[in-house]
Amino acid sequence: MPFKPRHRRPLSEMTKIRSQVAGCGAYLPDRVITNAELAGRLDTSDEWITQRTGITQRHVAAEGQLTSDLALRAARRALEAAGMRGDDLDLIVLATATPDNTFPATATKVQAMLGMTKGAAFDVQAVCSGFVYALSTADNFIKAGQAKNALVIGAETFSRILDWEDRGTCVLFGDGAGAVVLRGVPSEGSNAERGILSTHLHSDGSNYDMLYVDGGPSLSQTTGHLRMEGKEVFRHAVQRLAEVVDEALEHNKLSYGDVDWLVPHQANRRIIESMGRKLGLPPEKVVVTIDRHANTSAASIPLALAEATGDGRIEKGQLVLVEAMGGGFTWGASLIRW
Ligand code: UT7
């Protein structure tokens, strides 16, 4: 019998699936440490921290409160906002550099606590760029048809890996978690333009020793402490973030003027402001949480998204630009039509 190909619609004619943000959620631990409190135990001052970073306070997890606890609370709020239950999910991607255990993935603990019985849950590790990496991973699973409803979480307890005697680093970070639910929808009709337009990821491992933790299961069998060449990281961040933001806009044939909201990783107010200036955005179009949250690594962007959607600033149809840079180095950006 001669081979007869089955009639299939050409790929170009098939309706594309796009990931839309169905809901956001956030959680911050109750305990707040102010700059003044730190100045009482370290050779630092509220003035130095505020002027150099924009940070005035940070939240810190209680004893026994784990990254998974923070992640679970943010996840529940995101699911509620999306009108979904844990069992509606078929994917959890959790970005963290401070997992509960070396293994299993913190995502699997969250999966069990949410009552999600199908699909897959795993962690990604890209430090402060973790949320953009996790978002990109989940988006690609959805576009490939391998997942329908995905939960993307950024959750951290950096307070556990800080050297609380190193004033150059311990004043900069805080704990917290944020989450977004992504839903795969056919890109047609009123949904044609909405959702994640693209994600862009990069890394350069030659700079791994600029920002790292000096311990780990293989290296020292200890957890270790965060170490950073702050000035060098700052210099790279400004340059790399500018490049990846241009890449994301060019990829979508969009320009600076099209961006409604910049939701950047919150590492330093000066880095955030330089990106806002580059885009020509007025300060009120840049979502800033660093003053109250400090740098929460992978949690900073979903925390900021939850805040700016919760208070009604980000509205349906607006163009949201997220970007982050972190240890590795890793960096990335994404454009989302809300
Ligand atoms: O999220 C991942 C990506 N991370 C980042 O993007 C962080 C990027 N880096 C930064 O945000 C900034 O480099 C820092 C906030 C970490 C530091 O600011 P800086 O303006 O680069 O200060 P510096 O490290 O050059 O330090 C200036 C001075 C030094 O004293 P001398 O040598 O000039 O006498 C430091 O010892 O400030 C001193 N210093 C402090 N003084 C009071 C450093 N930390 C403190 C402190 N309080 N907490």
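Predicted model: local features only at pLDDT ≥ 70, side-chain atom pairs only at ≥ 80, totals over all residues.
Trainee: How many bridges join strand S6 to strand S7?

Mentor: Strand S6 covers residues 149-157 and strand S7 covers residues 175-186. The two run antiparallel. One of the pairs is Gly-154 with its bridge partner Gly-178 in S7. The number of bridges between S6 and S7 is nine.

Trainee: Which strands are at the edges of the open sheet of four strands?

Mentor: The order in this sheet is S8-S13-S12-S11, with mixed pairing. An edge strand pairs on one side only. That holds for strand S8 (195-203) and strand S11 (261-264).

Trainee: What is the average twist from one strand to the next there?

Mentor: The twist is taken from each strand to the next one and then averaged. In the sheet S8-S13-S12-S11, the average is 15°.

Trainee: Which residue in S13 is the bridge partner of Val-320?

Mentor: Strand S12 spans residues 319-326 and strand S13 spans residues 330-337. They pair in the antiparallel sense over eight bridges. In S13, the partner of Val-320 is Ile-336.

Trainee: Where is Phe-329, and is its peptide bond from Gly-328 cis or trans?

Mentor: Phe-329 sits in the loop between S12 and S13. Most peptide bonds are trans. From Gly-328 to Phe-329, omega is near -10°, and the bond is cis.

Trainee: Which residue does a cis peptide bond join to Phe-103?

Mentor: Omega of this bond is about 5°. The residue asked for is found in the loop between strand S4 (91-95) and helix H4 (106-114). The residue is Pro-104.

Trainee: Is phi of Gln-221 positive or negative?

Mentor: Most residues other than glycine have a negative phi. Gln-221 lies in the loop between strand S9 (211-213) and strand S10 (226-228). Its phi is near 60°, and that value is positive.

Trainee: Why does the ligand lie between domain 1 and domain 2?

Mentor: Domain 1 covers 13-189 and domain 2 covers 191-337. Because both give residues to the shell around the ligand, the ligand lies between domain 1 and domain 2.

Trainee: How do the residues of the shell divide into nonpolar, polar and charged?

Mentor: The ligand is surrounded by 23 residues, and the closest include Thr-44, His-265 and Asn-295. The shell residues divide into 11 nonpolar, seven polar and five charged.

Trainee: How far is an oxygen atom of the ligand from an N or O atom in the side chain of Lys-231?

Mentor: For Arg-52, the distance from a side-chain N or O atom to a ligand oxygen is 2.9 Å. A ligand nitrogen is 3.0 Å from a polar backbone atom of Gly-230. For the side chain of Lys-231, the distance to a ligand oxygen is 2.8 Å.

Trainee: What share of the ligand's exposed area does the protein bury?

Mentor: Taken alone, the ligand exposes 960 Å². Of that area, the protein buries 74%.

Trainee: Which helix gives the most to the shell around the ligand?

Mentor: Helix H2 (46-53), helix H6 (167-170), helix H7 (230-251) and helix H8 (269-279) each give two or more residues to the shell. The highest contribution is four residues, and it comes from H7.

How values were computed. Residues numbered from 1 in each chain as written. Heavy atoms only, no water. Near = heavy atom within 4 Å. Polar contact = N/O pair within 3.5 Å; in protein donor to acceptor, adjacent residues only side chain to side chain. Areas by Shrake-Rupley, 256 points an atom, 1.4 Å probe, with all protein chains shown as cover. Nonpolar A, V, L, I, M, F, W, Y, C, P; charged D, E, K, R; others polar. Domains from an automatic or database assignment. Pairing = 2+ DSSP bridges. Axes fitted to C-alpha atoms, helices over the stretch in contact; angles between N-to-C directions.
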